[in-house]
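Dear colleague,

I am handing over the structure below, and my notes on what was found in it follow.

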Amino acid sequence: MGRDRVSDYLLSSLKSYFGSEVGERLADLLSKTGITCFDDLTGDIPEEILELAEVDRASFMGFLDEYGPQAIIKLKRELSALSSKIGDLESQLKWARERILSDVGTRTSRRANLRREIEAAIGILDALARSVRLCCEPHSSIGEERARNYAEVLDRVIERLRNISADLEGLKPILRGLENIKSLLEQRPVADDLYHLISYSVSSLSDLMRLIAEDTSGSKVLLWENILLKSELISALCRKRDL
C-alpha cells in the first residue's frame, strides 16, 4: 500500500512559502517519513530531510512560525487587536456624538456630525481591510468563522451609516454596496476579492467626505459620479462572484 500524501493545506503552504519546486520536493520527502499534516510537525524534523530538500533549518522554522500552529495563535491575537480597535473607535464615536448633540442644531453642527460618523465608518472599514490582508491567504477563501466575524463588523458600519442616511443622499449607493459585500461573505469569497471590495467602499466614503465639504457644483458632480461608479463596480463584482 502506498504512503499517504501530505494534506492539501500543508502542500499549499509549503509551495507558497518555499516556491513550487522546493515546496513539492519537501512535501514528498516529508510524506516518506509519515509526516502528512501540520499536527505531525510538532516533533523534530530529521536534518537529512531538510538537506535533501535544500532547505536550511532557520528557513523551515520561519515557515512554521508563519503557517504552523503558532500562526493560528498569532491570527487570533490580530483578530483580538482588531476587535479592540473597533471598540476604541466606537467609544470615540460615542464621545463625538455626545459632543455634537450638546451643540446648537445648526447646519454646521449637522455637517460636523455627518463627517464624524463617516470618519468612524472609514476607520472601522480600514481596520477590517488590514485584517483581511494580514490574516488571510490572498488567493484562498475566507474561513467560515472569520467570515461571520467580518459580517458582524459590517453590520455595525451599516447600522451607523443608515442612521444618518436620511440627511445624506450620497450614502444610499454606498450602503447598497456594503450590504452586497455582507451578503457575499455568506459564500466565503476569496480574501483578495474581499479586500478590494472593502477598499472601494472606503474610497466611496472618502469621496462623500469631500462631497460634503465642496462648494463648487462642478466638483460635486464629479464626486457624485465617482460614488455611483464605485457602487456599480461593487455590485457587478458581487454578482459575478454569485455566478
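**Salt bridges, cysteines and numbering**

The structure, a predicted model, holds eleven salt bridges, a salt bridge being a side-chain nitrogen of Lys or Arg within 4 Å of a carboxyl oxygen of Asp or Glu. Residues are numbered from 1 along each chain as its sequence is written. In this predicted model local features need pLDDT of at least 70, side-chain atom pairs count only at pLDDT 80 or more, and totals for chains, interfaces and linings use all residues, while side-chain values use heavy atoms, with hydrogens and water left out.

One of the salt bridges joins D192 and R133 at 2.8 Å, N to O. Because D192 lies in helix α9 and R133 in helix α6, this pair ties together parts that are 59 residues apart in sequence; helices here are DSSP runs (H or I, at least four residues), numbered from the N terminus. D192 is buried, with a relative accessible area of 17%, whereas R133 counts as partly exposed at 41% (buried means under 20% relative accessible area, exposed over 50%, and partly exposed in between, with a 1.4 Å probe and protein chains only). Salt bridges that share partners also join E21, R25 and E54 into one network, in which the side chains of E21 and R25 meet at 3.7 Å, N to O.

As for the cysteines, a search of the whole structure finds zero disulfides, a disulfide being a pair of cysteine sulfur atoms within 2.5 Å. The sulfur of C135 is 6.0 Å from the closest cysteine sulfur, in C136, which is too far for a bond.

Best regards

Methods: Helices (H or I, at least four residues) and strands (E, at least two) are DSSP runs, numbered from the N terminus.
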